[in-house]
Amino acid sequence: MHALEQARRSAAARPAWHKQVQHWAGTDRTLSWLLLAPALIVIVGVFVYPLAYSLWMSLQAYNIVTPARFIGTRNYERIFTDETFWHSALVTFQFAIPTFVIEVVIGFGMALLLERHTRGRGVMRSIILIPLLLTPVVEALNWRVMLNYDFGVVNWLIGLVGIPKVNWVNDATLAMPALIVLEVWRVVGFEVLVFSAGLAALPHEPFESAQIDGGSSWQQLVHLTLPMLMPLFVVVALFRSYELLRVFDIVYGLTGGGPGRATETLSFHIFNQMISGFQVGYASAAAYVLFAMSLVLVVLIIKVLGFGGLEAGE
């Protein structure tokens, strides 16, 4: 009793502001904001502020040598009349579309094979996922060595069967296919992993009913497997679309945008304008145009494939 009375007196002796702070901190909403505050500060510092600063720089004439000067939307107007930018945009889509189609087809096919053949499935998945664990620039540099005209292992192997050496990287007609093959090899494990998880989660009852009714494997694939996996195709399309549009690292490591400008993607074009040309304002504007293009592509994917597939898969 004495201890309880002493606690009551101590609480009564506390100032009013202390009670108010204690009540304020005791609410769930305030506690939530207090816990979120460190993460929000980090997000503002590493994401919001650089984004706002780059937007401000895109409205400036700034080339590192001279002080920044506000010019409004002139950098954006320059982009719309810049043939080099639109050439890089064309190169980007020439790279992105075939790469996406090939990697989805191969990834889904390999997932089907692994699902039907249980022996060694875990080992095969582990091997397929190895490229995802490596740094893209390192992979590109290794491929550049393997595709070297003089001492590359690829030319050595094809030479064993009498095929003459091929200038894979420095030939304008072969550099892009080499880049596509590298990206498919590097990322196909992602599709295999996603589609394998989707195939493992499919219910067995519809397939058993289809077998009883005499449905072939092809009919089951077209009418059951693909519709039920449509949500995964939407997810893969969303993830890979913006990644392919802003590809830079493997271009830098394998071809350096060459030969000429045959593999100069938009990200590499922006890099050249920023680092080599010191055109900070123009490069910032080009980066925002690339962001807008990626956003439009994502919206189109959602409109075409739709979130209805996601809802149907729930």
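## Ground rules

Since we're looking at a predicted model, local features need pLDDT of at least 70 and side-chain atom pairs count only at pLDDT 80 or more, while totals for chains, interfaces and linings use all residues. Residues are numbered from 1 along each chain as its sequence is written, and side-chain values use heavy atoms, with hydrogens and water left out.

## The overall picture

The protein's secondary structure comes to 16 helices and two strands. Those elements are DSSP runs numbered from the N terminus: helices are H or I with at least four residues, strands are E with at least two. Of the 314 residues, 34% are buried. Here "buried" is under 20% relative accessible area, "exposed" is over 50%, and "partly exposed" is in between, using a 1.4 Å probe and protein chains only.

How far along the chain do contacts reach? Take the contacts between residues at least 6 apart in sequence: 67% of them join residues at least 24 apart. A contact means heavy atoms within 4.5 Å.

Helix H9 covers residues 175-200, 26 residues in total, and spans 38 Å from its first C-alpha to its last, close to the 38 Å expected at 1.5 Å a residue. That expected span is 1.5 Å times one less than the number of residues. There's still a kink of about 40° in H9, centred on Val187; the bend at a residue is the angle between axes fitted to the seven residues ending there and the seven starting there. Because 19 of its 26 residues are buried, H9 is largely enclosed by the rest of the structure.

The largest nonpolar core has 19 residues, and Phe95, Leu179, Ile250 and Leu254 have the most contacts inside it. Such a core is a set of buried Ala, Val, Leu, Ile, Met, Phe, Trp, Tyr and Cys residues joined through side-chain atoms within 4.5 Å. H5, H7 (136-146), H9 and H13 (249-254) each supply at least two residues of this core, and H9 gives the most, with six. Setting aside neighbours within four places in sequence, Phe95 is in contact with Met176, Leu179, Ile180, Glu183, Leu244, Val247 and Ile250.

## Aromatic pairs

There are 15 aromatic pairs in the structure. To pair, rings of Phe, Tyr and Trp (its six-membered ring) need centres within 6.5 Å; planes under 30 degrees apart count as stacked, over 60 as edge-to-face and the rest as tilted. Phe108 and Phe233 have ring centres 5.6 Å apart and planes at 55°, so this pair is tilted. The two partners are 125 residues apart in the chain, with Phe108 in helix H5 (residues 83-116) and Phe233 in helix H12 (residues 230-245). Phe108 is buried at 10% relative accessibility, and Phe233 is buried at 17%.

Phe268 and Phe271 make another tilted pair, 5.8 Å centre to centre with 40° between the planes. Both sit in helix H14 (residues 266-276), three residues apart, about one turn of the helix. Phe268 is buried at 6% relative accessibility, whereas Phe271 is partly exposed at 25%. Together with Phe248 and Tyr252, Phe268 and Phe271 form one aromatic cluster.

## Charges over rings

Which ring does Arg78 sit over? The charged end of Arg78 is over Tyr282, 4.0 Å from the ring centre. Lys165 lies over the face of Tyr149, at 5.8 Å from the ring centre. The criterion is NZ of Lys or CZ of Arg within 6 Å of the ring centre and within 35 degrees of the ring normal.

## Other spots to look at

Thr225 is in helix H11 (residues 217-228) and is buried, at 6% relative accessible area. Not counting residues up to four places away in sequence, Thr225 touches Phe108, Leu199, Leu202, Phe207 and Gln220.

Leu55, in helix H3 (residues 28-57), is partly exposed at 40%. Leu55 and Tyr288 are 233 residues apart in sequence, yet 7.7 Å apart in space, C-alpha to C-alpha. Beyond neighbours within four places, Leu55 is in contact with Tyr76 and Tyr288.

Most peptide bonds are trans. Gly258 and Pro259, however, are joined by a cis peptide bond, with omega about -5°; Pro259 is in the loop between H13 and H14.
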